[in-house]
Amino acid sequence: MNAAMNHASPSVTGTPSQARSANTWIVAVALLLALAILPPLSTVMGGKYLLVIGERVMIFAIAALALDLIVGFGAMISMGHAASLGVGAYAAGILASHGYDQAEIGLPAALLASLVFSLATGAIAVRTKGAYFIMITLAFGQMAYFVATSLAPYGGDDGLTLAHRSTVLGAAHLKNETIFFYGMLACLAGTWVLLRAVIASRFGRVLRGLKQNPERMRAIGFNPYPYLLTAYCLAGTIGGLAGFLLLNQAEFVAPAYMSWQRSGEILVIVLVGGVGTLQGALLGAVAYLTAEEVLSHWTEHWKIVFGPLITLTALYARGGLMRFLRWGGGRT
Amino acid sequence: MSLTLFIVQCLNGLQLGLLLFLVAAGLTLVFGVMDFINLAHGVQYMLGAYFAFAAYQLTGHFGLSVVLALAAALACGLLLEVTVFRQLYERDHLEQVLATFGIILFLNQGVKMVWGAAPLNVPPPQILAGSVKLMDGLQYPIYRFAIIGSGLALALLLYVVVTYTRLGMLIRAGASNAAMVSALGVDIRRLFRMVFGFGAMLAGFAGIMIAPILSVEPGMGDNILILAFVVIVIGGIGSIRGAFIAALLVGVIDTLGRSFMTDILRLFMAPSPARVIGPAIASMLIYVIMALVLALRPEGLFPAPGGSGGRGGSK
């Protein structure tokens, strides 16, 4: 589907995304630096409040970055991305409930579980296109959700509470909120750098080519399937990382983590920030969670404002926040 | 697993299937004809139920409430079409998904603001109260038969309209090739609006009918929406016949699976794992079927002739 490209103004369409991202990586670096000063800032202001918001922003930014890889660069609109978070969180959570509470075990298990889940679902889903892909990922997300609700030994509907955060190298380092925060920041920065490298690589160029014109790519000898499946699995695995972090941040995992509404939220973050920019996913996570936080403090019925905001963004803010930044707020 | 329980569950499955069909019919037409993924279709169902509650509070008469709620559901659907959806037909799926996602948040919260978060009840009408004795030890509520009956009647009506009328012909033509229909001089926007209003009314009707047996609560449309998506994918996008058969299939399989899966598993495994695995498999069953259909017959079991599942499928 070239529709997304057609909507952009000609000057944007004419610029390859590589050249675009060259100017905008500053946005991501600025956001990462802004996040980095949160812990000292929150010490000054007193209370963990800022830290907790920052942590949630980072978790959703990681998940959204991964989703942007498949939505923005592979044209695969997944409505089941939250499932990969949930699978990762449950894998680590279940191990922890059996006493394997080390991050050295929990994190690889989370990544592996999400990878296996994405491989199994992706093998079928990637064969479909367009709207069917949306629906099948929705269905797989629901499957994961219902499996989680029926995990009676691990809390079922009510979810699974972690006794304590994962230990690192045998000590409870993650109990220290500042260490946990910076660890998460490192994960976020690492994910961003990794995905930038992936996009810039030959693999990334094939992926973008497949988005723009699958027929032509096939004609010059590329079989789309392995490329799309690899991207899907990579996104799922990174989702597992976000899930592991979410588990430790909340010290809790519940089926609600995998609901399709949650998948929709991550998709909204990607779109609000700007599809196919990576940096946009970061920006979107900051904007989305800040808006949620501000509005929910303002009124209990914050969704009555938030919903139309999302609708208006989808209708009128094509290209998301990144587009406004790119042109200094002006339209071309 | 006794025979009476089996029959009761089959009837329940049939009833769920018919309600699903009412929701899915609008969804599959809107999707097939306009290539528009409308996540907000589920809230039409929820609104129908809430309108029925409000109208019942107002009039105290069930039949009158049905009429009033139907009119309100239609008005609401048309209002959404004019204000938001109209601008989305030409957009890509991602924007459609997000815009309608925002509407879900808005309306779910909206009904919470107006009617509160607590579940509400609408009493079934007096004439349809009580139950019929089907056989020894088997009573089935009359109201549920009314749901089955009205669902079947509407399905028949829909079939006649789509197969034998000019409007139906245009709808089928639109599902095959909307651009061509437009080029032949049909006001495609008007057709879209009619299909949309009709679909909203059907979903609203399903919500109205379910109100007396389920509790009316915010978010009740979200689950039915996912089930309706499963139905239209299994049935084939844009196909009314496919939606009907798939809806009955999904309704019966889901209901029977939930009641009997644990017992079936117990035949060849220990009772305690069966109690854990049974419900899990039961709730996954229809999604497994959907995945199988998508993997083996991506166009659905009964695809609309010439329909390619819209823009997305053909590109």
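Reader: Which elements of chain B do the buried residues of α5(B) pack against?
Author: In this predicted model, α5(B) covers residues 142-164. Its buried residues include Tyr143(B), Ile147(B), Leu154(B) and Val161(B). The elements they pack against are α1, α3, β2, α6, α7 and α9 of chain B.

Reader: How far apart are the end C-alpha atoms of α5(B)?
Author: Helix α5(B) has 23 residues, and at 1.5 Å a residue they should span 33 Å. The distance in the model agrees with that figure: 32 Å.

Reader: Which residues form the covered face of β2(B)?
Author: In a regular strand, side chains alternate between the two faces of the sheet. In β2(B), residues 138-141, the uncovered face holds Gln139(B) and Pro141(B). The covered face consists of Leu138(B) and Tyr140(B).

Reader: Which residue stands opposite Leu138(B)?
Author: Strands β1(B) and β2(B) run antiparallel and are joined by four bridges. They form a hairpin with two residues between them, and Gly137(B) in the turn has a positive phi of about 70°. The residue opposite Leu138(B) is Met135(B).

Reader: Which backbone nitrogen does a side-chain oxygen of Ser239(B) reach at the start of α9(B)?
Author: The contact is at the start of α9(B), and the side-chain oxygen comes to within 2.8 Å of the nitrogen. That nitrogen belongs to Gly242(B).

Reader: Which residues touch the most other members of the largest nonpolar core?
Author: Nonpolar side chains tend to be buried together in soluble globular proteins. Here the largest nonpolar core has 203 residues, and the two that touch the most other members are Leu39(B) and Phe85(B).

Reader: Which helix gives the largest share of this core?
Author: The largest share is 16 residues, and it comes from residues 49-72 of chain A, helix α5. A second, separate core has six residues, among them Val8(B), Leu11(B), Leu18(B) and Ile148(B).

Reader: What is the relative accessible area of Phe36(B)?
Author: Phe36(B) is in the loop between α1 and α2 of chain B. Beyond its neighbours within four places in sequence, Phe36(B) contacts residues including Phe85(B), Leu88(B), Tyr89(B) and Phe196(B). Phe36(B) is buried, with a value of 1%.

Reader: What is the phi of Leu278(A), and what is that of Ala75(A)?
Author: Most residues other than glycine have a negative phi. Leu278(A), in the loop between α13 and α14 of chain A, counts as buried at 3% relative accessibility. Ala75(A), in the loop between α5 and α6 of chain A, is partly exposed at 28%. Neither is a glycine, yet phi is positive: about 60° for Leu278(A) and about 55° for Ala75(A).

Note on methods
Residues are numbered from 1 along each chain as its sequence is written. Chains are lettered from A and ligands numbered from 1 in the order in which they are written. This is a predicted model: local features need pLDDT of at least 70, side-chain atom pairs count only at pLDDT 80 or more; totals for chains, interfaces and linings use all residues. Side-chain values use heavy atoms; hydrogens and water are left out. Buried means under 20% relative accessible area, exposed over 50%, partly exposed in between (1.4 Å probe, protein chains only). Two strands pair if DSSP finds at least two bridges between them. A polar contact is a pair of N or O atoms within 3.5 Å; within protein, one must be able to donate a hydrogen and the other to accept it, and residues adjacent in sequence count only if both atoms are side-chain atoms. A nonpolar core is a set of buried Ala, Val, Leu, Ile, Met, Phe, Trp, Tyr and Cys residues joined through side-chain atoms within 4.5 Å. Contact means heavy atoms within 4.5 Å. The expected span of a helix is 1.5 Å times one less than its number of residues.
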